[in-house]
Amino acid sequence: MTLTAASSRPRSAAPPDGVRGFLLAILILAVLLGGAVLVGWLLSGLTARFFPEAPPYLILVYTLGALLLGMPVVARLFPWMMSWYYLVPSLVFLAAFTVLPIVLTVNYAFTNYSGQNSGNPDTGVRTEAALSPDRRTLTLAEIPEGNSLAEFLRCTTPNCVGDTAVLYDEDASTPVRAQIASVEGRNITLAAPVPETFQPVSVTRINRYENVGLANFREIFARASSALWPVFLWTVTFAFATVVINAIAGLILGILLYNKRLKGRNIYRTLLFLPWAIPAVISVQMWKALLNQQFGIVNKSLGLLGIAAIPWLGDPLWAKISVILVNLWLGFPYMMTATISALATINDDLYEAASIDGASRWQQIQNITLPLLRTSFTPILLSGFAFNFNNFGIIYLLTQGGPPLAGRDATAGSTDILLSWGYNTAFAASGGQNYALASAIALIIFFLTLAISLVNFKAAGVFEEARR
C-alpha cells in the first residue's frame, strides 16, 4: 500500500476582493506598525533602565529594526501584502504628522497642560535637602512659597502616598524621580532607599498636568464677548472680503488680458504675475515698510498731496484695511490666472454669434462669460474662503495680530483671526503658553470651519452635483 503525503496548499498571492481585502490590508499594516512601535518602546525602556545615559532616539532605531524584521514575516504569512508595503512610508508619515497631532490636540484640550503644568520638574522652586543615614528620608531646609509640604509638592493625596519627588545631586544634571511613601513637617519619606551611587542635595516637585474636563471650553465661552465672538466675526469678514475683492480684481484683469487684440498682453501678464511669484514673506515685509506711519513711502507720497499721515498699522480699523489690501496684492494674480485659464475653455464661436446678433462687449461678458465662469469659479472661491479663514501668515507677518484693543484679551488683538489667537495663547508670553486652552481653541476652529464649509457646499450645490 502506497501512502501519498498531502502537499500543503500554497498561499495565494492574490489579495481578497472588495472592501474586505482593503480593510484587512489596512488592519495588517496597522498591527505591524503598532507592534513595531510597542517593541521599540519596550526595548528603549529596558535600555534606559540599565544604561541611563542611552540616547532617547534609540526608540526609533528599535522601532525601525522591529519593522524590518516583521515585514518579511508578514509577507510570508500573507504573500499578497507585498504590494501594500509601498504604502508603509506614507502611512508612517500620515500617522506621525497628521493622526498624532490630532490625537494630542484633542487630548490636551481636556487638560490643564501649559508651560507651567508641563509634567516636568519645577526647577524654579528647587530647595536644599539632607538625606538620612538610611537613605530613605529627606529633610528640606525650608518649604518654598510658605505652604505645607503636601501643597508644595502638589500631591494628589493628603499624605502624598504614591506621588513623586524629584531629586538633584550637586551637578543637577540628571534629575531622579523617587516615589513618596509619606510626608511629615519638612520630612519626605521615600518608598525605596536612594541608590548609593546618587547623593541628592536638593528636591523639587513635578508640575504635573491633569484632566480638567470641559474647563477650557467653559473659560473660552465665559470670555466670549472679549475674545471669541469679535475674533470670529473678524475672521469671517476678513476671509469673505478677501475672496470677493480678489475675485473681482482677478476677474477684471483676466478678462482684459485675455483680449487677443491687446498689444503686449504677455508682458502685462508677466508683470502682474510677479506678486504671486515672489515669496509672501518678502512681499509682506516690503509692505510693512511701505506702510510705516512715519517713514513709509505711502505716507510720504500722501504728504506731498497734503494728506495727513495714516496710521496704517497702528489704528485698529486701518490695520484691518491694510491686511485686506496687502492680501489683495498677494492673491489677485491667482484669480487672474484662473480667469484666463477658464476663458480659454469658452468657444470663440459663441462670441462671434453674439457679435453677429449685435451684442455689445459688455452684453457678451454679462450673458456668456460670467455664466460660463461660474462653474469654474465656485470651487476656487470656496477653497479661497477656507484658506483665508486660516490665513495665519499675513496676520503674523504684517500686524502680529495688533494693535491691541481696550476690553479685549491680551492674546486677541484687533486683527487676530482665530488661528493667530490660538497661536498667541499657546506660544506668546501674553498667553502664558497655555497649550491646553490653545488646543480647545483649535477644536472650536475645526468645528466652525466644518460648519462654514458645509454651508458653502450646500449653497453651491456641491452635494446635489455629487448625487448625479
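These are my notebook entries on what I looked up in this predicted model.

**Ground rules**

I'm working with a predicted model, where local features need pLDDT of at least 70, side-chain atom pairs count only at pLDDT 80 or more, and totals for chains, interfaces and linings use all residues. Residues are numbered from 1 along each chain as its sequence is written, and side-chain values use heavy atoms, with hydrogens and water left out.

**Entry 1: helix α1**

I started with α1, which covers residues 18–50. My labels for helices (H or I, at least four residues) and strands (E, at least two) are DSSP runs, numbered from the N terminus. I wanted to know if the length made sense, so I took the expected span as 1.5 Å times one less than the number of residues.

Which residues of α1 are buried? Buried means under 20% relative accessible area, exposed means over 50%, and partly exposed is in between (1.4 Å probe, protein chains only). I noted Gly21, Ala25, Ile28, Leu29, Leu32, Leu33, Ala36, Gly40, Ser44 and Thr47. These buried residues pack against α2 (58–77) and α3 (88–108).

Most residues other than glycine have a negative phi, and most peptide bonds are trans. I went looking for exceptions. Gly402 and Pro403 are joined by a cis peptide bond, with omega about 0°. I found Pro403 in the loop between α13 (392–398) and α14 (418–427).

Thr399 is in the loop between α13 and α14 too. I have Thr399 down as buried, because its relative accessibility is 9%. Leaving out residues up to four places away in sequence, Thr399 touches Leu313, Val323, Ile394 and Thr415 (contact means heavy atoms within 4.5 Å).

Arg154 has a positive phi, near 55°. I placed Arg154 in the loop between α4 (149–153) and β3 (164–168), and at 29% relative accessible area Arg154 is partly exposed.

Arg135 also has a positive phi, near 60°. Arg135 sits in the loop between β1 (127–131) and β2 (137–140).

**Entry 2: salt bridges**

I counted six salt bridges, taking one as a side-chain nitrogen of Lys or Arg within 4 Å of a carboxyl oxygen of Asp or Glu.

Back to Arg135: its side chain meets that of Glu196 in a salt bridge, 4.0 Å from N to O. Glu196 is in the loop between β5 (187–190) and β6 (202–204) and Arg135 in the one between β1 and β2, so the pair ties together parts 61 residues apart in sequence. Is Arg135 buried or exposed? Arg135 counts as buried, at 11% relative accessibility, whereas Glu196 is exposed at 66%.

Next I checked Arg208 and Asp163, whose closest N and O atoms are 3.6 Å apart in a salt bridge. This pair links distant parts of the chain, 45 residues apart: Arg208 is in the loop between β6 and α5 (215–222), and Asp163 is in the loop between α4 and β3. Asp163 is buried at 5% relative accessibility, while Arg208 is partly exposed at 22%.

Arg223 and Glu219 make a salt bridge of 3.2 Å, N to O.

**Entry 3: aromatic rings**

How many aromatic pairs does the structure hold? I got 22. Rings of Phe, Tyr and Trp (its six-membered ring) pair if their centres lie within 6.5 Å; planes under 30 degrees apart count as stacked, over 60 as edge-to-face and the rest as tilted.

Trp234 and Phe238 form a tilted pair, 5.7 Å centre to centre with 40° between the planes. They are four residues apart in helix α6 (residues 228–258), so about one helical turn separates them. I have both as buried: Trp234 at 6% relative accessible area and Phe238 at 0%.

I also traced a cluster, in which ring pairs link Tyr108, Tyr113, Tyr209, Phe392, Tyr396, Tyr423, Phe427 and Tyr435.
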